[in-house]
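Please examine the structure shown below before reading on.

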Amino acid sequence: MIFIKLIKPIIPLLILISIGFFLWRGLAINPTLVPSALIDKQIPEFNLRNLISPQQTLSKQIFLGHVSLLNVWATWCTVCANEYPVLIDIKNTHLVTIYGLDYKDDRQTALRWIKKYGNPFAKIGFDPEGTTAINWGVYGTPETFVIDKKGIIRYKVIGEVSHRIWQRILLPLIEKLQREST
Amino acid sequence: MIPELGHFALILALTLAIIQTLFPLIGATINKISWMLLARPTAIGQFIFVTFAFFCLMYSFVTNDFSVLYVAQNSNTNLPLFYKVTALWSAHEGSMLLWITVLSCWTFLVAIFSKSLPLDTIARVLSVLGFISIGFLIFILTTSDPFIRLLPNFPANGQSLNPLLQDPGLAIHPPMLYIGYVGFSVAFAFAMAALLSGRLDAAWTRWSRPWTLAAWCFLTFGITLGSWWSYRVLGWGGWWFWDPVENASFLPWLTGTALLHSLMVTEKRGAFKSWTLLLAICAFALSLLGTFLVRSGILISVHAFAVDPTRGEYMLKFLFSVIGISLLIYAWRANKIKGSSNFALLSRETLLLTNNVILMVAMATVLLGTLYPLILQALNLGKISVGPPYFNAVFVPLMMPLFFIMALGPQADWQQMPKKALLEKFWLVFIAALILGCALPYLFTGTENLFATVGIGLGLWIIFATLQGSYRLHKKVNLKNISRSHYGMVIAHIGLAITLIGITLSSIYSVEKDVRLAPGQSTHLANFKFAFTNIAALTGPNYTGFITQFDVTQDHQLMATLHPQQRFFSVQQEGISDPGISKGLFQDFYVALGEKMDTDSWAVRIYYKPFVRWIWAGGILMMLGGIISVFDKRYRKQSLKKIFD
């Protein structure tokens with residue numbers, strides 16, 4: 001009885017602590033990491049025109065043999081505009097090849113954009129209808145995929161890639177993948 | 001210039017909030033009057049600076065200042081002026097600024113309308129409110145500054161507001177909700193002041209009752225608006241989805257409702273003292289939790305684009321320290337509370353206690369359902385979601401006994417009530433509700449339905465018993481001596497009954513159908529014929545699209561003409577369907593356009609929804625009842641006169 005009397009006033013506190021524990025754990029789970037069916041799967045087949053030189057087509061082959069990023073972007077997407085300088089910084093590190101997927105966009109606008117802000121991408125696939133993006137399981141722009149040497153998707157960032165995400169997540173992952181054998 | 005002034009005003013408000021917290025609290029402890037006197041002016045000053053910052057951001061929106069990052073992300077030159085203003089609270093930074101603005105308004109009102117309170121009480125109350133302000137101001141200034149500039153390369157035009165949010169219902173829904181949420185901070189502050197001072201008599205409950213009621217009214221209105229918005233905008237014909245964000249507002253509402261009733265017991269009978277204190281802390285804790293869940297984005301993964309984890313961490317730490325400290329103080333003081341709980345099994349106290357227990361159990365089930373996916377994920381047990389089947393299965397049966405005793409409570413006697421008196425008072429009402437509950441569904445549909453009988457029966461039981469109680473009171477007591485809070489109670493209880501009937505009938509008798517229709521074709525649903533008669537192009541201020549016409553007929557008689565639209569917002573490259581709804585007291589017809597299937601036929605979703613308006617009508621009545629009670633004369637007089645017992 002004395003025990004109950006002692007414990008009773010602190011019951012609410014105990015409840016708070018247990019709820020707090022789960023909330024804290026919940027925060028550590030990255031909410032932007034929507035489980036993607038494509039993680040650890042081969043990249044889907046595709047056949048796209050190169051944005052800059054449309055007579056050239058791009059396919060799955062470009063991803064093989066090296067670690068790369070695929071960034072899904074569009075000129076109408078403001079978040080992509082915030083992200084763009086980060087991509088250029090990443091390109092300037094020369095640590096990884098970045099490919100672009102220009103999603104539901106207008107070709108002339110996209111070309112003007114690249115002329116104005118620079119081009120962080122080694123190659124840009126042009127996907128005006130967004131059909132290739134559907135195969136890649138793209139929710140919206142921007143999204144960035146990390147693809148290993150065998151052409152397997154290893155990670156996906158939904159939303160903006162910041163310097164912080166690059167430093168803390170992408171760079172360590174890329175360095176690890178580059179040590180893997182082909 | 002203006003955004004920088006806003007930013008600066010927030011910093012000034014923070015310094016004032018620090019003074020407002022420290023000096024009055026210490027002053028009240030060491031009994032230094034000059035320090036306690038600082039509470040009011042600093043609270044008013046804080047209010048002025050925070051409101052100034054709020055209007056600075058609003059100015060940036062109205063003048064299309066896209067050099068401000070937040071404006072660039074949420075507004076656009078071709079957005080109508082009204083939505084430019086409301087876009088202010090459409091995303092994180094502005095929502096937090098709205099939160100702190102609302103808090104400073106409540107603080108300001110407390111500072112002004114508390115002339116009759118003892119100085120040390122008001123010093124403590126404002127100090128607690130100041131502490132909450134500090135937490136949120138630091139949060140805004142360090143992690144969610146809405147005044148950040150995009151310089152030197154700012155966009156010529158903004159990203160615009162999410163088309164779904166471009167609706168008058170949703171535009172005023174967040175402020176109402178926040179006013180409600182944040183309003184519980186006042187009850188919390190009064191409870192903490194009582195705990196800090198150690199004077200745990202009924203006085204604090206009397207002072208905090210009108211504030212709690214006011215907050216509850218706003219929250220009720222906010223939830224009603226949100227429900228109405230989801231019905232008319234989302235195009236799914238639903239009015240409640242048990243979505244985490246909705247639950248986040250429902251949890252404080254359930255607790256707040258329990259608190260209102262328990263405050264009454266403590267004020268009038270001196271019973272449930274420590275329980276009421278706990279409820280006041282709990283209601284505010286859930287408001288903070290709701291803010292945390294919505295703003296940290298940990299539950300709504302798909303919507304949580306670009307969530308900054310530092311925000312969630314900060315808010316969780318803050319929530320923890322505020323509620324942790326208050327529960328520690330509670331644990332320390334709770335032993336000293338002596339309740340004069342002297343009541344029989346059959347008494348108004350018991351009924352109100354049952355009300356509280358049911359409401360809190362219901363709250364706990366909703367909380368569990370809301371947090372369950374998170375708990376599993378935290379334990380690495382997979383990613384799941386908890387949907388309406390769980391909530392309906394658990395929540396609905398819990399509420400039935402509550403509705404039953406709700407009719408008894410207002411007419412029951414305090415302390416003790418003989419069984420015979422109970423039977424005498426209620427037998428006629430009970431039989432009337434039972435007969436009508438059985439008869440009405442049969443008369444109108446030709447078949448019996450148990451759920452309809454229970455829903456209608458309980459609703460009528462509440463309405464009849466409440467009216468009967470009011471009638472008896474009028475016969476017994478002079479009209480002048482009946483308090484406004486009595487009428488408030490009558491209206492609010494009838495409001496809930498109306499909502500209950502609305503929910504029951506619209507859930508049971510609604511029918512829907514998905515069809516493919518081209519102009520000129522028609523389809524049948526229930527006894528009605530829905531004909532797709534016309535289609536035309538549509539151009540709005542910031543969208544283009546189609547407007548269609550549907551004629552609803554019954555036996556060749558025109559019942560309604562609907563104009564569902566499909567709108568395409570060019571800035572966001574997003575199309576939304578704007579359903580056509582014919583509003584009726586007893587039935588709604590609802591048509592939503594889906595995808596265009598080929599050259600001229602469309603996927604169309606058709607609903608027939610009886611009594612759906614009753615759900616929101618009841619919500620509005622509940623709010624009105626609350627407002628009437630807030631203006632009870634008794635709260636404005638110093639001495640408590642027992643007008644109605």
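## Burial and overall form

In this predicted model, 50% of the 645 residues of chain B count as buried; a residue is buried if 20 or more other C-beta atoms, placed from the backbone, lie within 10 Å of its own. Chain B has a radius of gyration, taken over C-alpha atoms, of 26 Å, which agrees with the value near 26 Å for a compact globule of 645 residues; the globule rule is 2.2 Å times the number of residues to the power 0.38.

Residues are numbered from 1 along each chain as its sequence is written, and chains are lettered from A in the order in which they are written.

## The nonpolar core

A nonpolar core is a set of buried Ala, Val, Leu, Ile, Met, Phe, Trp, Tyr and Cys residues joined through C-beta atoms within 7 Å. The largest has 181 residues, and Ala191(B) is one of those that touch the most other members. Helix α8 (residues 168–197) of chain B gives the most to this core, with 20 residues; helices are DSSP runs of H or I with at least four residues, and strands are runs of E with at least two, numbered from the N terminus.

## Confidence

Chain B has a mean pLDDT of 88, and 95% of its residues reach 70 or more. Strand β7 (residues 574–578) of chain B has the lowest mean among the elements of that chain, 80.

Technical notes:
This is a predicted model: local features need pLDDT of at least 70, side-chain atom pairs count only at pLDDT 80 or more; totals for chains, interfaces and linings use all residues. A residue is buried if 20 or more other C-beta atoms lie within 10 Å of its own, exposed if 12 or fewer, and partly exposed in between; C-beta atoms are placed from the backbone. pLDDT is the predictor's confidence in each residue, from 0 to 100.
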